Amino acid sequence: MSQQSTRLSAQQATWQATEVTHRLVPSPTGRIHLVEQGTGPLVLLVHGFPESWYSWRHQLPVLAAAGYRAVAIDVRGYGRSSKPGGTDAYRMLDLVADNAAVVHALGEQSAVIVGHDWGAAIAANSALIRPDVFRAVGLLSIPYAPRGGPRPSELFQGMGGEEEFYVSYFQEPGRAEAEIEPDVRGWLAGFYLALSADTMPAPGAPGPHFVSRGGTLRDRFPVGRLPAWLSDSDLDVYAGEFERTGLSGPLNRYRNMDRDWEDLSDFDGAPITQPSLFIGGSQDASTTWLADAIKAYPVTLPGLTASHILDGCGHWIQQEQPTEVNRILTDWLAALPA
């Protein structure tokens, strides 16, 4: 067994031996499901696509043991949280309102917010729009890039050349669902494989972020063993949630990027001034594609107190290297002003 596998087994044993509280709290659209552990200052954890609160299973007990009230939510459209039917019900302003509602429903006035993937963008905008609620922000995998530039749909349409960028592929309601929902478990396994450091396609292989004309995203996914961070039982948890709820709610986040661009026009180029943290993976395409955003941090994140690129890590950062991410998070939280 590899050192990483041994580490993950120990983390999973810790997770299984500790108790968490599941709760439904009111939100503007109905309810948000959350999982809570520990007492102390509130740390709100926001997952990305295609995940759930479960992606923070390695962080919850560690943050609780460090003296924090760790709360991982199911984002609107996921898991047991509300799933409004309209595509435009998943715009960024709605998700920011959900996060603020969670903080207040828990009887708190403020929180540190930490997000991964889409959750990083949601966390960043929560800090930007509601600085009265979110006193610090941690971003995993996706750097902060202020609103600006061309309309997102126009930008993404130009990225694929003869192929189609995955964000453009996700735009048409029902199209990606038709690919994913007949075999949710298999599709998720391929997607996780494609973006994990130990199983992603070799350099020079066709990129898993692009779709050939007339093809599917899955055509580019690797097959074989699961990544070291993902057990069969972990995959069962993720697949079970999406088999029950479908993928339209999660995919609707992508379908609101132009609406977000319009909604956030007052924040064009705006920096986030609260204390902030960034953690990226050296093998994550997001880190390289958005390298200019990271270079701009002195301007866009003037409150940045720590920035880390984890060697040999892919996109699923808090699951691929939980011990290192936990160390960075707890050190950063401990150094924040009270």
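**Cut-offs and conclusions for a predicted model**

Biologist: Why is Asp-117 counted as buried?

Modeller: Asp-117 has a relative accessibility of 9%. Buried means under 20% relative accessible area, exposed over 50%, and partly exposed in between (1.4 Å probe, protein chains only). At 9%, Asp-117 therefore counts as buried. This is a predicted model, in which local features need pLDDT of at least 70 and side-chain atom pairs count only at pLDDT 80 or more, while totals for chains, interfaces and linings use all residues. Residues are numbered from 1 along each chain as its sequence is written, and side-chain values use heavy atoms, with hydrogens and water left out.

Biologist: What is the state of the peptide bond from Phe-49 to Pro-50?

Modeller: Most peptide bonds are trans. The bond from Phe-49 to Pro-50 is cis, with omega near -10°. Pro-50 belongs to the loop between β3 (42-46) and α2 (60-65).

Biologist: How do you know whether the radius of gyration agrees with a compact globule?

Modeller: The radius is taken over C-alpha atoms, and the globule rule is 2.2 Å times the number of residues to the power 0.38. For 338 residues the rule gives a value near 20 Å; the protein has 19 Å, which agrees. The C-alpha trace spans about 55 × 50 × 40 Å along its principal axes. Buried residues make up 56% of the 338.

Biologist: What makes helix α8 largely enclosed?

Modeller: Of the 11 residues of α8 (184-194), 9 are buried, so the helix is largely enclosed by the rest of the structure. Among them are Trp-187, Phe-191 and Tyr-192. The cover over the buried residues of α8 includes α7 (175-180) and α9 (232-245).

Biologist: How do you know that the span of α16 is close to the expected one?

Modeller: The expected span is 1.5 Å times one less than the number of residues in the helix. Helix α16 (322-335) has 14 residues and reaches 20 Å from its first C-alpha to its last, close to the 20 Å expected. Its buried residues include Val-325, Leu-329 and Trp-332.

Biologist: Which residues does Tyr-254 touch, beyond those up to four places away in sequence?

Modeller: Contact means heavy atoms within 4.5 Å. On that basis Tyr-254 touches Phe-49, Trp-118, Tyr-166, Val-167, Phe-170 and Gln-171. Tyr-254 lies in the loop between α10 (248-252) and α11 (257-263), and at 4% relative accessibility it counts as buried. Its C-alpha is 9.0 Å from that of Arg-91, 163 residues apart in sequence.

Biologist: Where does Pro-143 lie?

Modeller: Pro-143 is in the loop between β6 (134-140) and α5 (152-157). Its relative accessible area of 6% makes it buried. Contacts of Pro-143 outside four places in sequence include Phe-278, Leu-290 and Tyr-297.

Biologist: Why is Cys-313 called buried?

Modeller: Its relative accessible area is 0%, under the cut-off, so the term applies. Cys-313 is found in the loop between β10 (304-310) and α15 (317-320). Leaving aside neighbours within four places, its contacts include Ala-197, Gln-283 and Glu-320.

Biologist: How many positive and negative side chains does the protein have?

Modeller: Lys and Arg count as positive, Asp and Glu as negative; His and the chain ends are not counted. Each charge is placed at NZ of Lys, CZ of Arg, CG of Asp or CD of Glu. This gives 25 positive and 38 negative side chains, with the centres of the two sets 3 Å apart.

Conventions: Helices (H or I, at least four residues) and strands (E, at least two) are DSSP runs, numbered from the N terminus.
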